[in-house]
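Please work through the exercises below with the sequence and the model at hand, trying each task before reading its solution.

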Amino acid sequence: MEQRRMGRTGAPVSALTLGTRAVAAVAERDVDDAVRLVHEALGRGVTAVDVSDADGAGLAESTVGAALGDRREDVFLAVRFGDPVDRDPAHHGNGRRWMFRAVERSLERLGTDVIDLYQPAHPDPATSLDETLDALADLVSQGKIRAFGIPGFPAEELVEAQWLGSGGKSATATHAPYSILTRTAERTTFPVARRFGLGVLAAAPLAGGWLAGAYRNGSEQPRSPRVAEQPHAYDIGTPANRRKLEVADRLGRLADEAGLTLLELAVGFASTHPDVSSVVIGPRTVSHVDAYAQAAEVALDDDVLDAIDAIVPPGTHVLERDTGVTLPGLTRERLRGRVLAR
């Protein structure tokens, strides 16, 4: 598998990064199966793993730690923190107090002395960005992490982080959702990453499963654990999801014409962008790993990329809710002037 560089860190990473939400789901049924899934990805050339401490309440981290063993230094290990890991309201966020506890927990579960890339899972409006950067820089100084990143949305916060990043507080990487259905990063995150030399982990290339191949006109409603958990996001009978179904079907027909699976088209698209360091994948089975590995070898030509642009124009998205951006100014009444208007 092609090896790339994670921004100005210079660290080598594979074109695909193993995401571990699915690993945690497999481990809940059988840890040995989950370990085999990680080994299969490594065997297919994946040299980067992206794990959240909230995946399976730490189960993903302990599974990855068991799977890596003495191969730890052969893998670029990225860890996200900040999401709630249990019911304790103090166990989340991007503040120093929780961050210092969270990193120790992750190091122990992963069975390692150092994390290659440590980054918040999401922006935290309750914590100043300066405090988050200070704490992350301290973890670098302590030798517990080698580098840190921050989320790529909103893009102005990513820019602010670079302005605040003097004196060793500068982030070197970012992450954002990126798929054919969600191309907002092309006009927000990617230009900033390019300007400051940040590595980019592109997440959700299959748009939450919409580009896996099952969503085609005339097909029955796909079923999966994700569909059961979020029926509003996948019910093909709703107008918004009908729009996504139509786009997925058009992309499926384009993939057929190009002699590709829709998964290959989707992963190839995300991987082709020059600002993307690595694409985060979430296989649940060995066959899924094989399919992703094959997709990593796909190089889309200009005609196919132009055809994709005609279906979903650059820098746009099909549905706003899929962009990963939840700005306080849009969700809090006080910040939308509601209190003042009364």
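**Exercise 1.** Find where arginine 146 lies, and decide how exposed this residue is and which residues surround it.

*Solution.* Arginine 146 is located in the loop between H5 and E7, where helices (H or I, at least four residues) and strands (E, at least two) are DSSP runs numbered from the N terminus. This is a predicted model, in which local features need pLDDT of at least 70 and side-chain atom pairs count only at pLDDT 80 or more, while totals for chains, interfaces and linings use all residues. Residues are numbered from 1 along each chain as its sequence is written, and side-chain values use heavy atoms, with hydrogens and water left out.

The next step is exposure, for which buried means under 20% relative accessible area, exposed over 50%, and partly exposed in between (1.4 Å probe, protein chains only). Arginine 146 has a relative accessible area of 43%, and therefore is partly exposed.

Then come the contacts, meaning heavy atoms within 4.5 Å. Leaving aside neighbours within four places in sequence, arginine 146 touches Arg72, Glu73, Val114, Ile115, Asp116 and Val140. By comparison of positions, arginine 146 and proline 84 are 62 residues apart along the chain, and their C-alpha atoms are separated by 24 Å.

**Exercise 2.** Locate the salt bridge between arginine 183 and aspartate 309, and explain why the pair ties together parts of the chain.

*Solution.* A salt bridge is a side-chain nitrogen of Lys or Arg within 4 Å of a carboxyl oxygen of Asp or Glu, and by this rule the count comes to 17 salt bridges. In the bridge between arginine 183 and aspartate 309, the closest N and O atoms are 2.8 Å apart. Arginine 183 lies in the loop between strand E8 (173–177) and helix H7 (189–196), whereas aspartate 309 is in helix H13, so the pair ties together parts that are 126 residues apart in sequence.

The two partners can then be classed by accessibility: arginine 183 has a relative accessible area of 4% and is therefore buried, while aspartate 309, at 26% relative accessibility, counts as partly exposed. Turning to bridges that share partners, we find Arg72, Glu73, Asp116 and Arg146 joined into one network.

**Exercise 3.** Which side chain of opposite charge is nearest to aspartate 53, and how far away is it?

*Solution.* First place aspartate 53, which is in the loop between strand E4 (48–52) and helix H3 (59–68). Lys and Arg count as positive and Asp and Glu as negative, with His and the chain ends not counted. Aspartate 53 is buried yet has no salt bridge, and the nearest side chain of opposite charge is that of arginine 109, 5.0 Å away. Beyond neighbours within four places in sequence, the contacts of aspartate 53 include Arg80, Phe81, Asp83, Ser106 and Arg109.

**Exercise 4.** Determine whether proline 151 is buried or exposed, and describe its surroundings.

*Solution.* Proline 151 is in strand E7 (residues 149–151). With a relative accessible area of 5%, proline 151 is therefore buried. Its contacts, leaving aside neighbours within four places in sequence, are Pro120, Ala121, His122, Pro123, Leu158, Thr174 and His175.

**Exercise 5.** Identify the buried residues of H1 and what covers them.

*Solution.* In H1, the residues Ala22, Val23, Ala24, Ala25, Val26 and Ala27 are buried. Their cover includes strand E3 (16–19), H2 and H3. Arginine 29, which also lies in helix H1 (residues 21–29), is exposed, with a relative accessible area of 62%.
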